[in-house]
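Work through the two exercises below with the model open. Each has a task and a solution in steps.

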Amino acid sequence: MTMDRRTVLGLGGAIAAGVALAPGLHLFAAPANSTSPDSGSAQPGKRWGMLIDTTRCSSDCTACLSACRTENNVPLYGDPDRDIHWIRKVELRDQNRRQLPVNLPVLCNHCENPPCVHVCPTAASFVRHDGLVLIDKHRCIGCRYCIIACPYKARSLVFYKTKPPRDANPNVPIRAAGVVEKCTFCAHRLDEGKMPACVEACAKADKNAMIFGDLNDPNSEIHQRLLKEKTQTIRADLGLKPHVHYKGI
Amino acid sequence: MLSEYSAIEGRSPGYWKLFAALGGLVLMGAAAFLYVEHHGHAVTGMNNQIVWGLPHVFAISLLVMASGALNMGSMSTVFAVKQFEQFGRFSAFLSIALLIGGLAVLMLDLGRPDNMLLPMVYMNFRSMFTWNVFLYTGFMTLCILYLWTMFEYKQYKKFVGTAAFGWRLVLTTGTGSIFGVIQGREVFGSAITAPTFVAISLTSGTALGILLLFFTFRFTRRELDDRLIFGMRNAMIFFLMLVAYLLVVEKFTRFYDPASYDVEMWILTGPWAWLYWLGVWGVGVVVPLALLFNRRIGNSVRGVLTASGYVVAGAFCFVAHTLLAGQSYPFDLFPGYTITSVFQDGQAGTYMPTLWELMLGLGGVGISGLIYLLGIRFFRMLPARGEAPKGWELPWNP
Amino acid sequence: MKSPTSLAGRLSRTSFLILVLFVAWIATPFSVQADPPQPEKAVRGPCVRDAEWMRRNHMDFLKHKREETVREGIAVKSESFLSCAGCHTSRERFCDRCHAYAAVSPNCFECHQYPK
């Protein structure tokens with residue numbers, strides 16, 4: 001009987017904890033900011049976000065995609081159904097064909113209410129203090145429930161065993177077969193004070209279609225532009241509060 | 001009235017042949033697991049749109065039937081239909097066997113099976129999967145206790161049996177909710193999905209129980225009163241009508257919402273429509289009901305067995321349709337726009353299962369079967385004679 | 001009983017002998033390779049923690065750091081996995097020698113690249 005009672009208690013606890021944690025899901029205390037010069041930290045008050053100006057994004061440019069693959073060692077298997085895409089270019093046409101097609105990159109939206117994090121049984125998917133939705137691949141069991149839950153198709157399972165490419169970026173590990181991965185907003189670069197690779201590449205290609213910054217900082221460019229310009233998020237109706245905003249759709 | 005329980009002898013060549021066949025399935029499943037584990041999931045038919053394939057269809061069908069297999073026990077313990085009390089042990093044990101088989105497939109198909117114990121260490125209590133971990137272990141515990149009370153402590157049977165009955169309803173609701181609470185996929189957002197899973201578990205569990213009881217009794221040359229089978233037939237007819245009702249209500253509520261026109265039309269006429277009409281409705285509901293309502297077929301044991309076979313296959317089709325059609329439907333990132341990309345945006349997913357997945361799924365069936373075979377051999381699970389009380393008449397016959 | 005000449009007695013003695021021989025055979029490689037491993041010396045020092053402490057606790061240390069880095073975003077560069085290579089230049093001659101000797105196979109390098 002004890003075992004049984006324990007299970008029942010566990011379930012009660014599960015419900016209680018689920019309700020208690022539901023609104024914010026902050027399992028860890030905010031880290032003290034280390035003053036040591038070589039440490040980069042996720043800042044608790046920050047909310048990283050992106051604004052994509054689709055009017056500046058052209059169909060023939062794939063600078064952000066290739067920058068992402070090189071920076072994050074994302075392999076391309078040549079198997080369209082199973083290739084990993086952290087960021088992909090999408091072409092939109094309205095169904096009545098009354099507007100010109102719109103090109104835009106789609107990547108993980110780093111939602112405020114991420115459904116992938118809600119469904120992950122081991123909390124391998126989690127929200128970092130600065131609003132990044134990340135995957136702890138040490139903890140991922142490869143159940144793929146998050147891929148089912150994500151409405152943006154932002155996640156991919158690693159279907160093949162991969163070897164690191166010859167000129168691999170050592171700052172980003174490659175991924176073992178069987179875990180799920182996705183865009184990290186280049187968390188490793190953010191921690192060093194750099195911009196994500198795609199944003200940098202977009203600026204280098206002289207498009208400047210991707211604006212990245214801290215949504216909570218009233219002086220940041222992204223904050224200012226979101227106030228002034230008419231933007232939207234993908235599937236706002238789902239209530240996920242994505243942190244990637246689009247202009248010109 | 002109740003006859004004594006006895007274990008089966010299990011020395012006949014037939015027993016060993018069956019044992020070898022099921023053992024072969026388990027070995028095949030093990031081989032498939034090692035192969036997929038070694039090469040990565042690329043050797044399966046699954047892809048980034050359809051991430052749950054045939055192994056999950058097998059696993060979830062087994063789990064659904066596991067909760068349904070408890071029907072016969074519940075019928076006597078909870079609803080006081082005393083004729084089925086003799087099958088209580090069989091019923092609870094079958095639940096355990098099916099649960100283990102189903103969970104094994106689910107675990108072995110993980111991308112990182114080496115990490116399969118992590119859900120016990122780190123728990124995210126918002127995840128339906130974490131809930132299911134508790135629901136499955138709890139159900140298993142209750143079934144074992146239920147069995148124990150039936151063997152030793154009859155005075156607690158009512159209590160534990162009722163708890164197990166309640167638990168199995170919650171359990172199957174939990175299983176169904178995996179596909180009912182995902183708003184991101186248009187097909188996985190219906191509140192009726194979980195109750196439909198419960199109804200499917202009722203039909204398929206009863207059907208599997210009928211089949212197994214009949215053939216176990218036949219092969220061990222034990223008597224089984226036909227009226228018992230007809231009693232279960234009547235229950236199955238009722239459950240089948242419940243399934244039909246829920247399927248209709250689901251489509252009715254969905255079609256009332258203009259935003260669901262596209263997705264519902266796609267289900268009814270799209271690439272998976274054949275599975276919906278032929279599998280879920282035809283094999284799962286219409287054919288068995290037609291057989292059971294037929295005066296001649298419905299009143300013959302062979303007819304009931306045939307219908308039961310259809311019902312089990314129909315449950316499999318239902319799970320397959322829920323999973324595969326649900327995942328194939330293209331993500332609607334920008335409603336009102338057509339969308340194209342190199343990542344199959346705006347296209348329906350395609351899925352062609354490979355042999356490895358079939359082997360893994362059948363491995364789970366083999367595990368359940370082996371547990372059943374061993375259980376009825378070493379424990380007194382089955383009555384020596386399946387008797388119905390003298391003068392007992394079924395209230396209704398087709 | 002004077003002499004255990006029964007079949008059962010003889011069988012049990014034989015099987016015990018076989019067991020002893022089997023265990024001895026299995027254990028042979030361990031007794032032969034008794035030399036402790038010689039991991040490569042660090043090209044410079046000091047280590048982020050005391051060397052003796054690291055020898056015993058590096059696995060827990062790395063695991064703790066990984067939790068902090070990945071989940072809480074506290075990335076201390078000098079204590080990162082990649083910085084090991086600053087002093088221990090070769091994974092094969094440093095990490096792998098001991099791991100092979102102790103017959104442990106941590107799966108770090110399935111994903112992480114040891115800088116060359």
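The exercises concern a predicted model and cover a sheet and a pair of helices.

**Exercise 1**

Find the order of the strands in the open sheet of three strands, and state which strands lie at its edges.

Solution.

Step 1. Reading across the sheet gives E4(A)-E3(A)-E2(B), and the pairing is antiparallel.

Step 2. Strand E4 (102-107) of chain A and strand E2 (337-341) of chain B each pair on one side only, which makes them the edge strands.

Step 3. From one strand to the next, the twist averages 35 degrees.

Step 4. Strand E3 (residues 87-94) of chain A is joined to E4(A) by six bridges. In one of the pairs, Leu92(A) has Val102(A) of E4(A) as its bridge partner.

Step 5. Helix H2 (residues 63-72) of chain A packs on the sheet and touches E3 and E4 of chain A. The direction of H2 makes about 155 degrees with that of E3(A).

**Exercise 2**

Decide how helix H8 (residues 193-219) of chain B is oriented relative to helix H9 (residues 226-255) of chain B.

Solution.

Step 1. The two axes come within 9 Å and cross at roughly 155 degrees.

Step 2. Angles over 145 degrees count as roughly antiparallel, so H8(B) is roughly antiparallel to H9(B).

Step 3. The crossing of H8(B) past H9(B) is left-handed.

Step 4. Residues in the contact include Ala199(B), Leu202(B) and Phe214(B) from H8(B), and Met236(B), Arg233(B) and Leu246(B) from H9(B).

Step 5. Sorted by class, this contact of H8(B) with H9(B) has 17 nonpolar, three polar and one charged residues.

Conventions: Residues numbered from 1 in each chain as written. Chains lettered and ligands numbered in written order. Predicted model: local features only at pLDDT ≥ 70, side-chain atom pairs only at ≥ 80, totals over all residues. Heavy atoms only, no water. Pairing = 2+ DSSP bridges. Helix = DSSP H or I, 4+ residues; strand = E, 2+ residues; numbered from the N terminus. Axes fitted to C-alpha atoms, helices over the stretch in contact; angles between N-to-C directions. Contact = heavy atoms within 4.5 Å. Parallel < 35°, antiparallel > 145°, perpendicular 65-115°, else oblique. Left-handed = near helix turned anticlockwise from the far one by under 90°. Nonpolar A, V, L, I, M, F, W, Y, C, P; charged D, E, K, R; others polar.
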